[in-house]
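Student: I have a structure to read. Can you show me how to go about it?

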Amino acid sequence: GVGALNSAMKKIIRKGLDKFLIKEIRKKKNILGICLGMQLLGSKSYEFKKTDGLKFNNLSFVPFKNKINKMDFHIGFNEVKYPPASKLFKNIPQNSDFYFIHGFYAKPQNEKKRYGLSSYRKKFVSSYEKDNIFGVQFHPEKSQAQGITLIKNFLNI
């Protein structure tokens, strides 16, 4: 969940977890990244300095900025508009609220059918699904009934 991508990637590489995750994904095991975990699945982040992620998708993460160009944080409940074929959001009403706490976001790329989207200052990717790789920028464990349903959905994929 909470942390900085640069230090998290260093620990992942030092402990060989990157190689472990690659092997497990190749075995078609499902993986769900939550908050920082979703960012780690991406291609890179600009938190403190440019840092490569695990590159399981092509998302890049940049900071939210306020009107005076200072870093801003998205905190609280916000709606997620998810793609119609989403496995994670099965039996969850469209535009349901989930709990967010983050300062970095990914801009939508060309794979819109894989993204859930939310808006805070601008539209951003709030969930990602491709094959057996899933990520959510929000915290389902803090998102009440809809979050519990999402976790159950993931466990049943």
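Tutor: Start with a definition. A residue is buried when its relative accessible area is under 20%, and exposed when that area is over 50%. Keep in mind that this is a predicted model.

Student: Which residues of helix 1 are buried?

Tutor: Leu5, Asn6, Ala8, Met9 and Ile12. Now the general idea. An α-helix has 3.6 residues a turn, so residues three or four places apart point the same way. In this case, the buried residues of helix 1 fall within an arc of 165° seen down the axis, so they line one face.

Student: Which exposed residues does the face turned away from the buried side carry?

Tutor: Lys10 and Arg14. The cover over the buried residues includes helix 2, helix 3, strand 2 and strand 3. After helix 1 comes Gly16, with a positive phi near 75°.

Student: Which residues of the largest nonpolar core touch the most other members?

Tutor: First, the general idea. In soluble globular proteins, nonpolar side chains tend to be buried together. Here the largest core has 22 residues, and those touching the most other members are Leu40, Leu54, Phe56, Leu59, Val125 and Ile133. Helix 1, helix 2 and strand 10 are among the elements that give two or more residues to this core. A second, separate core has 15 residues, including Phe89 and Phe134.

Student: What does Phe56 contact beyond its neighbours within four places in sequence?

Tutor: Leu21, Ile22, Ile25, Leu41, Gly42, Tyr128 and Ile133.

Student: Which residues make the nonpolar surface patch?

Tutor: Met71, Phe73, Ile75 and Ile101 make a patch of about 370 Å². Ile101 is in strand 7. Its relative accessibility is 36%, so Ile101 counts as partly exposed.

Conventions
Residues are numbered from 1 along each chain as its sequence is written. This is a predicted model: local features need pLDDT of at least 70, side-chain atom pairs count only at pLDDT 80 or more; totals for chains, interfaces and linings use all residues. Side-chain values use heavy atoms; hydrogens and water are left out. Patches are made of residues with over 30% relative accessible area and no salt bridge: like charges are joined within 9 Å, nonpolar side chains (Val, Leu, Ile, Met, Phe, Trp, Tyr) within 5 Å. Accessible areas come from the Shrake-Rupley method with a 1.4 Å probe; for residues, only the protein chains shown count as cover. A salt bridge is a side-chain nitrogen of Lys or Arg within 4 Å of a carboxyl oxygen of Asp or Glu. Helices (H or I, at least four residues) and strands (E, at least two) are DSSP runs, numbered from the N terminus. Buried means under 20% relative accessible area, exposed over 50%, partly exposed in between (1.4 Å probe, protein chains only). A nonpolar core is a set of buried Ala, Val, Leu, Ile, Met, Phe, Trp, Tyr and Cys residues joined through side-chain atoms within 4.5 Å. Contact means heavy atoms within 4.5 Å. The arc is that of the directions from the helix axis to the C-beta atoms.
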